[in-house]
Amino acid sequence: MTKPAPRLAVEGLRHLYAERAVIEDLTFTLGAGQAIALVGPNGSGKTTVLRCIVGSAEPAAGKILLDGLPIDERAEVVRRDVAALLDDLDFFPDLTAAEHLDLMARAHGNPEPEDLVDTLLDDVGLLAAADQLPGSLSSGQRRRLALATALVRPRKLLVLDEPEARLDTAGVAWLSERLQEEKAAGTSVLFASHDPELVEAVADESVELTPLP
Amino acid sequence: MTSEGPVVFDPADFGAIPAAKELRRWMRKVRRGKADRTFWQQFEDIYLVIFALVMVGATGGNVILHLNEKSAACTSASCSWLLDTVPWILMPLLTSWMLRVLLSVGPVSASRATGFWLLATPVDRAALLRPTYRLVIGVAAVVGALAALIGFALFGAAWSLVGEAALLTIVLLTCTACATVWAQQSASRSRWALRIADGLLLAATVPAVVLATRPEANTQNTTAFVGVAYIGPYDSTQFSPPFVTTYGFRLLVIGLVALLVCGVLVVVTAQTLDKLSRQSVVAGGELLAGMAGAAITMDVGLLADVVSGRHWRQVGRLHSRRGRSSHVQAIMHREFLRILRWPRRLIVGFGLLVVPYAVAGTGYDVLVPLAAAFAGFIATRPLMDGLRSVSRSTGLVRALGMDLRDLRVAMSLVPALFVILWTALALPALGDAATAFAVGAGILTGVIRQASAKPPSYAGPLVASPMGAIPPGLFSQPIRGFDLLLLCLVPVLLSWSPTWRLVIPGFVLALMFAIKPRQPA
C-alpha cells in the first residue's frame, strides 16, 4: 500500500529579491486536515513563501506540488481549491460587504449562498455592517471581510498571511476556533503568524524562518 | 529632557496669535533653508516639459487661428445659425461642469498637514485659506477665457466677439467659483448647487437637440476633414457674425458692469472663508493629492478611480442586493446591478448621444464617426469599473477563482450591450451599419483596453529622463484605449469600403478577447 501524496509539498524552495536570496532550500509537506504555521521575525520571508504557493511570486528554484502536481495559478484546479488571504486583496468600491461575499460564493458555483453569507457575516462580526461599502469600513472590518472572502468559497488548501492582524481578542479567539473547524473538515491550513497562542492552538507543526544574511 | 521637573503650562508664556502671513513667511523661510536644489537646477529638470507646453500652445494657437479663418469664410445661414446656437450649449455646459468639478475638490482645499496643524490653531482661518481661494478664482477665470476662445473662435466668430465672449465667460465662471465657495459652507447648499449643475446640463442638451434635429442639417457644403485641419470652400462675402456691430458696444458695457459685480462678489466671498469647515477643505485636499499622484503616473484610469472612490466613500452604505445564478452568469448579473447603481452615469451616457447628431447637424459629416466614437467612449468608460477593479488586484482575481481573460469577457458583456444599444441609437447620424460597427468596435475595445491598464511599475527597469527615472511606457498611458479606438476608425476616416470597415474593427475586437491579459503585479 502506497502512502497518499501530501496535499501540499514544498521541496527545496529558493527565492531571490534583487539577486539576494530571501528563502533558501525550504522543504515541508502539509497533509489534508493539517495546519502548518510559518513563524519568524519580519523580513524572514513568510509572506514570500505564501506568495510563491499561491502563484503571485516565481520561485528561483524548487518545487511546489498540490496533490502531487506542480502548482500553477493559471490552472483551474488551483483557482478552485486554494483559498488565500494575503495582503493584496482589494474590494469592489461599489459593492457592499454582503454583496462581496455573495458574488464570491456564486463565482465559485454556489447558486444560493444567502444563508452561508449571513452566517459568515455574523461569524466575523460584520452583520451590522452588511450594507456598508468597503470604503466606509474600518481597517479591522476590512480585514474581517477579507477573511470571510476566503471562507465563503470551497477550498482544500487555506493560505493565510497573519490572519490575526487587526483583529481584537474576541476575533482572534473566533479565528482560532474556526481554523480548528477547518482542519476537522479536512482543509489543509498554511498560515504565517506572529501570535504564539494562535500558532499553539491551531498548528500541528511550525516552520521557523530566519532572515538570511 | 531636563532634570528640572515636568514642564508647567503657563498661558503667560504665549504671546499674540501670529498672523497667517507671518506664519507663511516663516514656513517659506524654513523650507528655503532645507532646499537642496536651486531654482535653476529645478528648471533644468523641467525645461523639456515647459518647452513642449510652449510648442503645443503655439501649435494649438495656430490651429485655432487657421480654423477661425476658414470657418469665418462660411457665409451660409447655417454657419451663422450655428454660431448663434453655440453660446446656448457652451455656457450652461461650462457652468455645470465648473460647479461639479469645483464642488468635488472643495473648491477651497488644504492638505491634510495644513488641516491638522494649522487649521486647528486660532490663526485666522480665512487668511490661511485665501491663497487657495485666489488660485480657484484664477483657474476659473483662465478656464473661462480658454473655453470661450476655443469655443467661439472655432466656429468663425470675429475676434472682437471672441474677446467679449471671453470676458463674459470669465465673469460667469468666476461668479460660479464664488458660488461654490458659498455652497461649500454647508452640505445642503452643496446639494442644491449639484442639482443646479444637473439642471444646467439638461438645459445644455435642449439647444444641442435642436441643432441635431434642425431640418437644414446636412444641407450645407462640407469638405474633407483630415486630422484637425478643416478646409472649406465657403464664400466670405455674405458672412456677418452676429452681435459684432449691432450689439458690440452694449455687450462691452454689460461685460464691464459684470466684471465689476464679479470683483465685488470675489471680495465679499473672501470674507466668508472662515466659515469653511476643516473637514470640507481637507477632503478636497486629499482628493487633489490622489489626483496629483494619478496625474504624475499619467494614468487616466487612476484619475477616474480617485473620483469614483471618493463618491462611494461618501455614499458609505447601500441596500445590499443579492445576486442571481452562479459562475460567469453571476458576475454578469452583478455587473448589470452595478451599472444600475449609479444611474446618473447611464443618463449622461445616453445624453451623449446628442453629440453625433449635433455634429451631423453642423454639416461636418466627416467628423460624425470621430465625434460619436469619442462620445461613446466617454459614455461607456464609467461602466467598466468592475473590470478596472479586477485588473488592478491580483487578490480579487484569485478570490473570484477565475482566469483574468474569462473575467474580462464576463465583465465586458453588459457594457458591450450598452455599446450596441448606444451605437444603434446613433446609427441615423452615422449613416450606415458598417460605420456604426467600426465605431462600436472602437468604443468597446478602447474602453476595455483603458480599463484593464496596469499601473506603471517603478519596481522594474526604469528609463532615465529629464524628469528623473520613469518606467518605460509611462508616456503611452494617456493614449491607452484611444489607440484602439482610432485603429478601428481608420477605414472610416480614410473612406475605405464597407468591407474594410467590418474587417479591421472585427479583427481588433477578436484579438482583444483572444489575448490573455497580463496578471496584475
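This is a predicted model: local features need pLDDT of at least 70, side-chain atom pairs count only at pLDDT 80 or more; totals for chains, interfaces and linings use all residues.
View 1. Strand S1 of chain A covers residues 8–17, and strand S4 covers residues 61–66. The two strands run antiparallel. Five bridges join them.

**View 2. The open sheet of chain A.** Four strands make up this open sheet. Read across the sheet, their order is S2-S1-S4-S5. The pairing is antiparallel. Which strands are at the edges? They are strand S2 (20–30) and strand S5 (69–70) of chain A. Each edge strand pairs on one side only.

**View 3. Chain B and its helices.** Chain B has 20 helices and two strands. Of its 521 residues, 37% count as buried. Now look at the contacts in chain B with a separation of 6 or more. Residues 24 or more positions apart account for 79% of them.

**View 4. Helix H6 of chain B.** Helix H6 of chain B runs over residues 159–184, which is 26 residues. How far does helix H6 reach from its first C-alpha to its last? The span is 37 Å, close to the 38 Å expected at 1.5 Å a residue. Helix H6 of chain B is mostly covered. Of its 26 residues, 20 are buried.

**View 5. Helices H17 and H18 of chain B, packed together.** Helix H17 of chain B spans residues 404–430, and helix H18 of chain B spans residues 433–451. They pack at an angle of about 145 degrees. Their axes are 9 Å apart. Helix H17 passes helix H18 in a right-handed crossing.

**View 6. The residues between helices H17 and H18 of chain B.** On the H17 side, the contact residues include B:Pro415, B:Val419, B:Ile420 and B:Leu427. On the H18 side, they include B:Val439, B:Gly440, B:Ile443 and B:Val447. How do the residues of this contact divide? There are 13 nonpolar, four polar and one charged. B:Arg408 is also among the residues of H17 that meet H18. An α-helix has 3.6 residues a turn, so residues three or four places apart point the same way.

**View 7. Where chain B touches chain A.** Here 34 residues of chain B are in contact with 34 residues of chain A. Which elements give two or more residues to chain B's side? They are helix H10 (300–315), helix H11 (327–341), helix H15 (385–391) and helix H16 (394–400) of chain B. The residues on this side divide into nine nonpolar, 15 polar and ten charged.

How values were computed:
Residues are numbered from 1 along each chain as its sequence is written. Chains are lettered from A and ligands numbered from 1 in the order in which they are written. Two strands pair if DSSP finds at least two bridges between them. The expected span of a helix is 1.5 Å times one less than its number of residues. A residue is buried if 20 or more other C-beta atoms lie within 10 Å of its own, exposed if 12 or fewer, and partly exposed in between; C-beta atoms are placed from the backbone. Two residues are in contact if their C-beta atoms, placed from the backbone, lie within 7 Å. Ala, Val, Leu, Ile, Met, Phe, Trp, Tyr, Cys and Pro count as nonpolar, Asp, Glu, Lys and Arg as charged, and the others, Gly among them, as polar. Axes are lines fitted to C-alpha atoms, for helices over the stretch in contact, and angles run from 0 to 180 degrees between N-to-C directions. A crossing is left-handed if the near helix is turned anticlockwise from the far one by less than a right angle, and right-handed if clockwise.
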